[in-house]
Amino acid sequence: MNILRVLKYLDWFLLVGVLLLSVIGTMAVYSASYQLSAASGILYFKRQVIWMVAGLLLFLILSAVDYRKVVAHAYFLAGCTTFLLVAIVILGETRFGARRWIQIGGFTVQPSEFAKITLILMLARFLSVKVDRRRRWSYILLPCLMAAIPALLILKQPDLGTALIFLPVTLGVIFVAGGRLKYILIILLILALLAPAFWFFLKDYQKTRLLVFINPDLDPSGAGYTILQSKIAIGSGGIWGKGWLAGTQNMLSFLPERQTDFIFSVVAEEWGFAGCLLVLAIYAFIFLRLFIIGWKCREMTGKLLVAGGILVLAGHVGINIGMAAGLLPATGLPLPLISYGGSVTITFLIILGLCESVYAHRYYY
Amino acid sequence: MKKSIDARLRILAIFLVIWGGVIVATLWYMQVVKGEKYQERAVRNRVRLVRISAPRGTIFDRNGVVLADNRPSFDVVINPTEVEDRERLIATLSSILNLSPERLNRRLDTFRDRPFEPVRLAADIGIVAATILEEKGPELPGVDVQVNPIRSYPYGEVPVHLLGYVGQISPRELVKLKDSGYRAQDDIGKMGVEEAYDRYLRGEPGAEQLQVDARGYRDKVLSHKEPRPGDDIYLTLDIRAQEILEELLEEWNGAAVAMDPRNGDLLALVSHPSFDPNLLIRPVWKEDAERVFSDPEAPLMNRALSGEYPPGSPFKLVMALTALSSRVSTPKTTFDCRGVFLLGESTFRCWLPGGHGELDLQQAIKHSCNIYFYNLGLEVGVERISKMARAIGLGERSGLEIRGESGGLIPDRAWKKKIIGESWYTGDTVNLSIGQGYLLVTPLQMASMGCIIANRGTLYQPRIVKRMISPEGEIIKEFEPVIRKKLDVPEEIWSELLSGMVRVVNEEHGTGRAAAHPVITVAGKSGTVQVGTPPEYGKHAWFLALAPADNPEVVLAIILEDAESGPRDAAPLAGEFMRRYFNVLEFQ
């Protein structure tokens, strides 16, 4: 491995975009966790910085590693995360009523996050190897089955948001790979018809979340509270915002989950419309770079890996912000590189590192 | 093929652009178009949960004297968003509170990044300053005088090592106790009884659901839950005895423990130097607290529980007990003291240069003759000595509920091999026989040793808390005396030891003459231990006393650091204590 060569071909624009977002993200976490840190004694900000630094190191290391070697181990890695997901169902740690965490060494990790990485690795592997079958049903159904196993295990935790993200990512990569659009649409139609049946599998709190989405004023002090408070936070930010650490919705603790799922509301309240545009512009810049990497890559595995990365990241950004603004039901997904969380932050930086590797190795094939 | 993938990636890109557009449009609508409407809503709709801390339980001594309770503290609170003229405010406060403007500015700036939260600028300013501030209120917007409960210790430094004190919970404690309902800024017991019984004393905090306005001020109270005060605790401590000992130790570094041998009650526990806990309970000004924490004399250390000292001569009582109970010697056994004791190449000396001459056991105890016990030690052997020392509770913690107790050290062959890496020499046994060498005990263990002799073989667990009473007046828990050790040793042996100790105090030339009481009979044993090799290091002076000798109610152990000798320094203090504790007037 020639380090100089890798440095020479690295996409510095992507790296700069990621760094900018990381800085904004840690500042937002500092503000959003201020009261929480004071009340619980846990230094969220300090932890987030540590995870960011660790994640950025992984990003750099991965960009120097040939992504094809990583993709070659896709099934093994997917097996590992599935094993961890099964382990959680059996002996996971219950926090806030859900079993999502598992203790490894001194850390608690959320394997459902890492399952997102192995999902896109698995898709890139399968769809590029079996490309001859792309007009067939099996080209769509087999990957769907592979994705369904971890997704169902995650649904069992229960973590509806993370489980649901598997669907657009899987179908999206299959679509990009060349799966027949007709078949994909048929699958979507079947799922839509089955949706009422799924309703009965949902937990009560998930049902209320969905109902409240349809009408937030249904229960303004209970389940609709979060969405309402989030909308007030965003709206009251105005054009220029109330200033860092000065958002009343944030600092007076009216926003629940504000360091994770609703961190965008904190950014919007304190930095205003101008700040939101800045954050969205950086995301747009990162996606632009990712598309360029996809287009410049000369072989299918890399293209599909990048497509998977884009779908995971864009899915999170789009759903998270849509949720905060009241456009989508609150299912709970983090905002990449801005939300607080160790497994989450590291997962996104690993995915971006893999995409960076596709760019750095673009002349190899 | 690759072309088709690129084309489909473009379709994906178009989707993203569309969704991005929707989001930007929505944000623009919410923040720019409807921004003002949302700002109004942000100002209105707020419900906050505020904790109301519970008054801490009161701590009483055994006779119902209050040792710790709560009093109102007048605190100055600043609401930063309401302050109009900060410079004038600081200047006015500085003159009223008699605090430098720099100090006030620094304190106010500590919380600059939390603009909505009231800042407690000064605590416990006193009623006079509070009244002046109240009167000046209208001229000083943003200043508020609040009344909060504060822990108060009427006896100050006197019972502090046993009682402990409260302080703000530290981050480390918080991590450990988060699940038990503790929160940041809660008060928590930091030492002694306050720490050990914190979960009873703290009570349950109440809560208030408030509707607050944009700046966090209360609009109206939506719901209210009263806090439940903490439980009251009655100690076994007798503050009268505690005060006497505290006064007697005034000039010394050292410790004293007084116990009731009949049930294990700790009547007094003093460690000197001491500190005033009232200086530590308010975290607002750190300077006073820093002074206590950084004092080289270590006033925070509880010498009575954690201090480990060679026991010296009082250990001769354990020697006598070992020899008599194992039938190695009888009270009639005599040894001739010529002032020196030769063992191979080494010479061990008696403290009296000319020697004591021919002595039996009681005379040996009375004169504290080293030679007698050297001889006894060699006949008994280290195994039996260490076994007996352990049997009466030396070398282990008593299991006191309060933190910081040391276990002391009983050396034996295995210990020396393992820790020092040498075999046990006969010289070690000789040193051990007079309570020197590696042997270490805490003042509490010394008192326990006195208790087991006083109580003729039955040792009670040291007891600090007698009972706990709920705020409703119900007895939650009554602590009964617990037998810790029971020795099967014939009655005559105990009488023999006690008679020896009575002679120490009450006969001509006894080493504890200074501990005598005019009316009741005090029994005792002095001790003087060499600390380091250079003589200028000084010695530690011990005195172990029990009274009345025929049916002891009090056992007292005193240790003074850097003293001259037990008989000269410690015995008079024990005597003074006994004379004041068993007040002469009561007998007339």
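This is a predicted model: local features need pLDDT of at least 70, side-chain atom pairs count only at pLDDT 80 or more; totals for chains, interfaces and linings use all residues.
Which residues in α6(A) are buried?

Helix α6 of chain A runs through residues 74-91 and has 18 residues. From its first C-alpha to its last, the helix reaches 25 Å, close to the 26 Å expected at 1.5 Å a residue. The buried residues in α6(A) include A:Ala74, A:Ala78, A:Thr81, A:Leu85, A:Ala87 and A:Ile88. An α-helix has 3.6 residues a turn, so residues three or four places apart point the same way.

Let us turn to another helix of chain A. Helix α7 covers residues 111-129, which gives it 19 residues. Its reach between the first and last C-alpha is 26 Å, close to the 27 Å expected at 1.5 Å a residue. How many of the residues of α7(A) are buried? The count is 16 of 19, and the helix is thus mostly covered.

I now come to the contact between the two chains. Chain A contributes 60 residues to the contact, and chain B contributes 43 residues. In general, the size of an interface is often given as the accessible area lost when the parts come together. Between chain B and chain A, the buried area is about 4,300 Å², and carbon and sulfur atoms give 71% of that area.

What of the charged and polar pairs across this contact? Between chain B and chain A there is one salt bridge. Its partners are A:Lys303 and B:Asp6, whose side chains meet at 2.7 Å, N to O. On the side of chain B that touches chain A, at least two residues each come from α1 (2-33), α2 (35-44) and β1 (47-52). The largest share belongs to α1(B), with 20 residues. By type, the residues on this side of chain B divide into 24 nonpolar, 13 charged and six polar.

The next topic is salt bridges in the structure as a whole. Side chains of opposite charge can pair when their charged atoms come close. Over all chains, the count comes to 35 salt bridges. In chain A, one of these joins the side chains of A:Asp11 and A:Arg289 at 3.0 Å, N to O. Why does this pair tie together parts that are 278 residues apart in sequence? A:Asp11 lies in the loop between α1 (3-9) and α2 (12-32) of chain A, whereas A:Arg289 lies in helix α14 (residues 263-296), so the pair ties those parts together. Both A:Asp11 and A:Arg289 are buried.

B:Arg240 forms a salt bridge with B:Asp238, the closest N and O atoms being 3.9 Å apart. B:Arg240 counts as partly exposed, at 39% relative accessibility, whereas B:Asp238 counts as buried, at 4%. In the second pair, the side chains of B:Glu507 and B:Lys366 meet at 3.1 Å, N to O. This pair links distant parts of the chain, 141 residues apart: B:Glu507 is in the loop between α20 (491-506) and β21 (523-530), and B:Lys366 is in helix α14 (residues 361-367) of chain B. B:Glu507 counts as partly exposed at 28% relative accessibility, and B:Lys366 counts as buried at 9%. Elsewhere, salt bridges that share partners join B:Arg56, B:Arg151, B:Glu194 and B:Asp198 into one network.

Is B:Thr58 buried or exposed? B:Thr58 is found in the loop between β1 and β2 (59-60). With a relative accessible area of 17%, B:Thr58 is buried, because buried means under 20%. Leaving aside neighbours within four places in sequence, B:Thr58 is in contact with residues including B:Val66, B:Ala68 and B:Asp231.

B:Gly354, by contrast, lies in the loop between β15 (346-349) and β16 (357-359) of chain B. At 63% relative accessibility, B:Gly354 counts as exposed. Not counting residues up to four places away in sequence, B:Gly354 touches B:Arg338 and B:Gly339. The C-alpha atoms of B:Gly354 and B:Cys337 are separated by 8.6 Å, the two residues being 17 residues apart along the chain.

Terms used: Residues are numbered from 1 along each chain as its sequence is written. Chains are lettered from A and ligands numbered from 1 in the order in which they are written. Side-chain values use heavy atoms; hydrogens and water are left out. Contact means heavy atoms within 4.5 Å. Buried area is the accessible area (1.4 Å probe) that two parts lose on being put together, summed over both. A salt bridge is a side-chain nitrogen of Lys or Arg within 4 Å of a carboxyl oxygen of Asp or Glu. Helices (H or I, at least four residues) and strands (E, at least two) are DSSP runs, numbered from the N terminus. Ala, Val, Leu, Ile, Met, Phe, Trp, Tyr, Cys and Pro count as nonpolar, Asp, Glu, Lys and Arg as charged, and the others, Gly among them, as polar. The expected span of a helix is 1.5 Å times one less than its number of residues. Buried means under 20% relative accessible area, exposed over 50%, partly exposed in between (1.4 Å probe, protein chains only).
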